[in-house]
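Subject: Structure for you to look at

Hello,

Here is the structure I said I would pass on. Please open it first, then read the notes under it.

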Amino acid sequence: MSEQLLFPPKKQPLATVAGTDALFPVHRIFCVGRNYHAHAAEMGVSVDKTQQEPFYFTKHPSSLLPSGSEIAYPPQTDNYHFEMELVVAIGKEGFEVSEADANDIIFGYASGLDMTRRDLQLKARSTNRPWDLGKDFEESAIMTAIVPKEVTGIIESGTIELAVNGEVKQQSDVDKLIWNVPEIIAHLSKFYHLQPGDLIFTGTPDGVGAVVAGDKITGSVAKVGEIELTIKQ
């Protein structure tokens, strides 16, 4: 007996690859929390790398949209925040990957926005509940085309910044990541068999803040590219 689908399956989320017609099928989206000291401080917490491990939350792949998108202000929030991030695209399988070998499974890099319903996130945090309503919602992950590692080289430093309506709000350097990219991959791959198509949003610097309908967000990561997002009226 042949299988019968009750409704059409959703399309596979795809990301573009800079300089080519190839497409990158997105498997999972992992996000690293509190990975810049200054951002952790503005969120009212401190991070001691010698005593703590990285932690993660996820976004559903269907939440991913390309740079240049126009999106609606999301429901059930009055405090909708931007977070500018370096994104790492995984191109090979990896489990219990060493830091020394971590760069080998990277396909490339992108600039990303982790859009956040901050009031819902903080409400969940205050009651020790998951952050899903604040972080994992429709149109909450925005990303540029992925630039292959062969073009960028291994990214260990470089300016990361964001502006709202032309006014700079975030400006830092990727070398200020508390856990750098090889450390993140090595740690995350202890818990998951990383797969081609996985994306890792590596964390945001300080300066996060709210946007409203009509605002235009622009940002960039050195060697990777510029990102744009407009919040529709």
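In strand E10, threonine 116 is the bridge partner of histidine 81. This is a predicted model, in which local features need pLDDT of at least 70 and side-chain atom pairs count only at pLDDT 80 or more, while totals for chains, interfaces and linings use all residues. Residues are numbered from 1 along each chain as its sequence is written, and side-chain values use heavy atoms, with hydrogens and water left out.

Helices (H or I, at least four residues) and strands (E, at least two) are DSSP runs, numbered from the N terminus. Two strands count as paired if DSSP finds at least two bridges between them.

**Sheets**

Strand E7 (residues 80-82) and E10 run antiparallel and are joined by two bridges. Both belong to an open sheet of three strands, in the order E10-E7-E16, with antiparallel pairing. E10 (116-117) and E16 (209-210) stand at the edges with a single partner strand each, so one side of each has no neighbour in the sheet.

E3 and E4 also run antiparallel, joined by four bridges. Phenylalanine 30 stands opposite threonine 58 in E4. The covered face of E4 holds Phe57 and Lys59, and the uncovered face holds Tyr56 and Thr58. In a regular strand, side chains alternate between the two faces of the sheet.

**Helix H5**

How many residues of H5 (residues 181-188) are buried? Eight of its eight are, where buried means under 20% relative accessible area, exposed over 50% and partly exposed in between (1.4 Å probe, protein chains only). Among what covers them are strands E3 (29-32), E4 (56-59) and E8 (84-90).

One of the buried residues of H5 is Ile185. Leaving aside neighbours within four places in sequence, isoleucine 185 is in contact (heavy atoms within 4.5 Å) with residues including Val88, Ile106, Leu194 and Ile200.

**Cores**

A nonpolar core is a set of buried Ala, Val, Leu, Ile, Met, Phe, Trp, Tyr and Cys residues joined through side-chain atoms within 4.5 Å. The largest has 43 residues, and Leu113, Met115, Ile185 and Ile217 have the most contacts inside it. The elements that each supply at least two residues of this core include E7, E9 and H5. Another core, of 18 residues, lies apart from it, with Val17, Cys31, Met143 and Phe201 among its members.

**Record**

UniProt, in an unreviewed entry, lists residues 29-231 as "domain: Fumarylacetoacetase-like C-terminal"; its positions are in the numbering used here, feature names are shortened, and annotations may be inferred rather than shown by experiment. The span is 15% helix and 35% strand, and its end C-alpha atoms lie 22 Å apart.

Regards
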